[in-house]
Amino acid sequence: MAEKPTKPTGAQGSAGGPPPASDPKRSEPKKSSVGVHGITESARYSMAEMGPRRSLQTLLSVNHVDGFDCPSCAWGDPDPEHRKSAEFCENGAKAVAWEATRKRVGAAFFAEHSVAELRERDGHWLESQGRLAQPVYLAPGATHYAPISWEDALALTADRLRGLTDPDRAVFYTSGRTSNEAAFLYQLLARRYGTNNLPDCSNMCHESSGEALSATIGVGKGLVTISDITDHADLILIVGQNPGTCHPRMLSALEQAKRRGARIIAANPLPEAGMGHYHNPQTVRGLVGPGTKLADRWLPVRVNGDLALFAGLNRALIDREDSRPGSVLDHDFIDRYCDGFEEAAAAWRSLDWSRIETMSGLSRRLIEDCAARVLAAESVIVCWAMGLTQHRNAVATIREIVNFLMLRGNIGRPGAGPAPIRGHSNVQGDRSMGIWERMPQPFLDRLRDEFGFDPPRAHGLDTVGSIKAMRDGRIDVFVGLGGNFASATPDTQVTEAALANCALTVHVATKLNRSHLCHGTESLLLPCLGRSERDVQSSGEQFVTVEDTMAMVHSSRGRLLPGSPHLRSEVAIVADLGHALFGDDLGWRAMRDDYAVIRRHIEHVAPGFHAFEQRVRQPGGFMLPRAPRDTRTFPTSNGKAHFTVNPPTAQEVPPGHLLLTTVRSHDQFNTTVYGFDDRYRGIKGGRRVVFLNQDDLRDLHLHDGDLVDLVSVNPDGERRAPGFRAVRYPTPRGCAAAYYPETNVLVALDATAETSNTPVSKSIVIRVEPSDAASAPPAP
């Protein structure tokens with residue numbers, strides 16, 4: 001047997017392993033964002049990783065028509081004529097530099113470091129060693145990864161897959177960084193093999209958005225474009241989202257909206273610098289002037305209080321309509337395009353304001369004031385991210401947002417609509433390409449007609465279901481196309497043990513990460529090209545495509561030479577595995593040699609991709625159709641948008657406990673930690689901190705700076721994350737915040753959102769206890 005983890009270590013490090021620091025320096029949180037600091041930090045980081053020439057070559061190509069798409073967030077690009085020379089943000093620059101680094105991890109590295117030794121390192125150290133340079137294999141019983149040829153690696157994977165007694169004993173996971181072409185091939189591979197086990201990172205982030213939007217308006221995507229924000233919206237609500245850290249280029253669009261006269265309301269438990277004064281680094285006003293104040297009002301909503309907030313807003317709108325009939329609601333829109341209004345209105349009229357105030361943490365006066373601003377706006381947009389989607393009642397919350405928008409006809413007109421802001425660069429495109437364990441039957445029918453085999457029809461496993469199946473011995477082979485599965489998922493110790501329970505784990509990756517050390521009996525690491533690198537196949541240089549959060553599809557073409565002669569593109573790896581498994585039955589070689597062949601198949605299978613090759617070659621690409629936005633028609637069972645009844649709920653917290661929400665620092669993207677500073681929140685040199693209200697500190701007999709353990713309370717038992725510094729912070733009473741993935745260990749595998757099965761990482765019931773010496777992390 002291969003060497004397995006002797007003890008779970010996920011509770012300790014930034015993504016497993018021991019933590020790098022436990023006593024960070026603290027200062028006052030910032031009230032403004034970007035500016036000169038953003039420029040200097042971007043330049044410093046880029047120069048350190050890439051050097052001057054390489055930095056210039058990459059950063060001036062990112063997010064440009066003839067360049068490559070940023071590998072981090074999914075925020076859309078302006079029209080080509082409105083793009084700046086530097087069309088990237090600080091976190092985008094770090095993501096590009098992290099990928100385009102000059103450092104390499106090859107045979108000598110793996111010969112020097114055993115798996116057991118690497119397992120004791122934190123996630124930041126692992127990824128900072130550089131790019132994986134060649135395929136490596138961990139044999140049964142081996143202590144070190146060792147080089148293996150591509151041919152042998154693919155043959156071994158194909159052999160193990162062919163040897164399974166049931167195709168459903170394999171799982172094919174996908175990261176949101178994967179291109180449309182690679183994602184389409186990957187789902188084709190899995191379904192040709194005979195399984196719909198296609199979990200992806202969307203299961204863990206915006207699955208709740210897709211479920212709620214599909215059930216109410218018939219489309220699981222947002223309906224808003226950048227121009228809706230910059231040129232048309234009168235009021236923009238930013239809810240459960242921190243654009244300054246997670247989608248920094250969004251700040252430029254918000255600034256344009258504000259300077260045009262739009263109003264912005266931010267609802268979030270923590271005050272975020274990005275919603276304060278924005279210092280646009282590409283304008284004189286931003287660099288030396290006062291900047292632009294973005295949020296007109298901040299609503300310090302309680303963690304998990306957003307459903308109550310929107311229920312209160314809807315109650316306020318109904319009350320005003322009742323007192324002035326015909327002056328508040330858009331009855332023409334409601335009568336022509338919607339159903340279920342009377343039932344929903346009756347439910348709002350019966351709501352008790354005291355319960356709304358308790359659940360939301362906001363006073364009736366604040367909610368009524370917000371409703372008044374809604375009435376003053378012709379067009380309203382609601383933007384949200386994972387601060388809404390990772391709660392038990394997430395789907396109900398987003399349905400209530402749809403109710404809010406429909407009451408005044410804010411769907412299907414310029415400057416209005418729902419805007420779920422996706423986190424990873426092509427997570428939305430992956431779903432369009434068929435990466436979903438529950439793809440609709442018409443998609444599978446078209447796949448059958450295009451390729452001549454009947455795909456499996458039974459629903460497969462999502463992310464949480466896959467972890468449970470691996471834990472229970474029902475999965476033998478795990479294949480991961482990108483991502484860091486062990487660090488991105490909940491219940492860290494359970495997930496790591498589940499991966500180690502497989503017979504074979506295969507990871508297609510650019511860098512070493514925690515997941516690669518939670519290996520099966522055998523393990524393969526297959527290094528792939530990054531977005532920034534040239535992709536040349538036998539027919540010539542290739543490009544791939546991605547879909548952003550605004551449903552714009554555009555091309556991405558790397559400019560750097562590959563970091564190693566042993567790297568292969570994701571498309572080539574998947575196509576070669578398909579050929580190793582099935583021969584050339586579906587034309588795997590032709591699709592590998594020329595990606596235009598893949599796009600011709602996509603035209604025939606994926607809705608909205610007609611004339612794909614021609615349209616994507618246009619500058620800026622093309623927008624996918626979304627019927628409610630384009631024609632105010634709703635592809636639901638009866639052709640109408642559905643009002644829904646969503647009784648307000650909120651996570652109950654026992655006395656002496658707090659409700660913890662997980663957040664990113666300004667020095668990370670998803671599970672990738674670039675460094676140990678969170679400039680906007682005043683944290684320097686460490687990540688194991690927990691942000692607490694000063695009154696909660698007092699009630700818990702704690703002081704600012706005390707070392708504490710976080711203990712989550714779940715029906716199946718407690719989970720502990722030791723060694724966090726308590727930091728006084730303006731959070732609502734009873735609410736706390738800490739960084740992930742350090743706190744993923746606290747999220748029980750069975751703690752998921754209703755309907756979407758998304759982990760509830762944003763509402764974790766915890767106790768905060770003083771750390772004893774035994775549980776405190778080691779000094780840096």
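This dialogue walks through how to read some features of the structure above.

Student: What kind of model is this, and how are residues numbered?

Tutor: This is a predicted model, in which local features need pLDDT of at least 70 and side-chain atom pairs count only at pLDDT 80 or more, while totals for chains, interfaces and linings use all residues. Residues are numbered from 1 along each chain as its sequence is written, and side-chain values use heavy atoms, with hydrogens and water left out.

Student: How many helices and strands does the protein chain have?

Tutor: Helices (H or I, at least four residues) and strands (E, at least two) are DSSP runs, numbered from the N terminus. The protein chain has 30 helices and 34 strands. Its radius of gyration is 25 Å, close to the 28 Å from the globule rule for 780 residues, so the chain is as compact as a globular protein of that length. That radius is taken over C-alpha atoms, and the rule is 2.2 Å times the number of residues to the power 0.38.

Student: What box do the C-alpha atoms fill?

Tutor: Along the principal axes, the box is roughly 75 × 65 × 55 Å.

Student: What share of the residues counts as buried?

Tutor: Buried means under 20% relative accessible area, exposed means over 50%, and partly exposed is in between (1.4 Å probe, protein chains only). Of the 780 residues, 66% count as buried.

Student: Which helix is largely enclosed by the rest of the structure?

Tutor: Take helix 8, residues 207–217. Nine of its 11 residues are buried, so helix 8 is largely enclosed. Among them are Glu-207, Gly-210, Leu-213 and Ile-217. Gly-218 follows helix 8, and its phi is positive, near 85°.

Student: Which residue other than glycine has a positive phi near 65°?

Tutor: Ala-551 does. It sits in the loop between strand 21 (544–547) and strand 22 (552–556). Its relative accessibility is 0%, so Ala-551 counts as buried. Asn-757 also is not a glycine and has a positive phi, of about 65°. Its place is the loop between strand 33 and strand 34. At 25% relative accessibility, Asn-757 counts as partly exposed.

Student: Where is a cis peptide bond?

Tutor: Look from Tyr-740 to Pro-741, where omega is near 10°. Pro-741 lies in the loop between strand 33 (735–739) and strand 34 (764–770).

Student: Is Thr-397 buried or exposed?

Tutor: Thr-397 is buried, with a relative accessible area of 3%. It belongs to helix 19 (residues 394–407). Not counting residues up to four places away in sequence, Thr-397 touches Asp-306, Leu-307 and Leu-388.

Student: At what angle do the axes of helix 1 and helix 2 cross?

Tutor: Axes are lines fitted to C-alpha atoms, for helices over the stretch in contact, and angles run from 0 to 180 degrees between N-to-C directions. The axes of helix 1 (residues 35–59) and helix 2 (residues 90–99) cross at roughly 40° and come within 9 Å. That makes helix 1 oblique to helix 2. Angles under 35 degrees count as roughly parallel, over 145 as roughly antiparallel, 65 to 115 as roughly perpendicular and the rest as oblique.

Student: What is the handedness of that crossing of helix 1 and helix 2?

Tutor: A crossing is left-handed if the near helix is turned anticlockwise from the far one by less than a right angle, and right-handed if clockwise. The crossing of helix 1 and helix 2 is left-handed.

Student: How do helix 7 and helix 27 cross?

Tutor: The axes of helix 7 (residues 180–193) and helix 27 (residues 595–605) cross at roughly 70° and come within 10 Å. The two helices are therefore roughly perpendicular to each other. Helix 7 passes helix 27 in a left-handed crossing. Residues in the contact include Phe-184 and Leu-185 of helix 7, and Ile-598 and Ile-602 of helix 27.

Conventions: Contact = heavy atoms within 4.5 Å.
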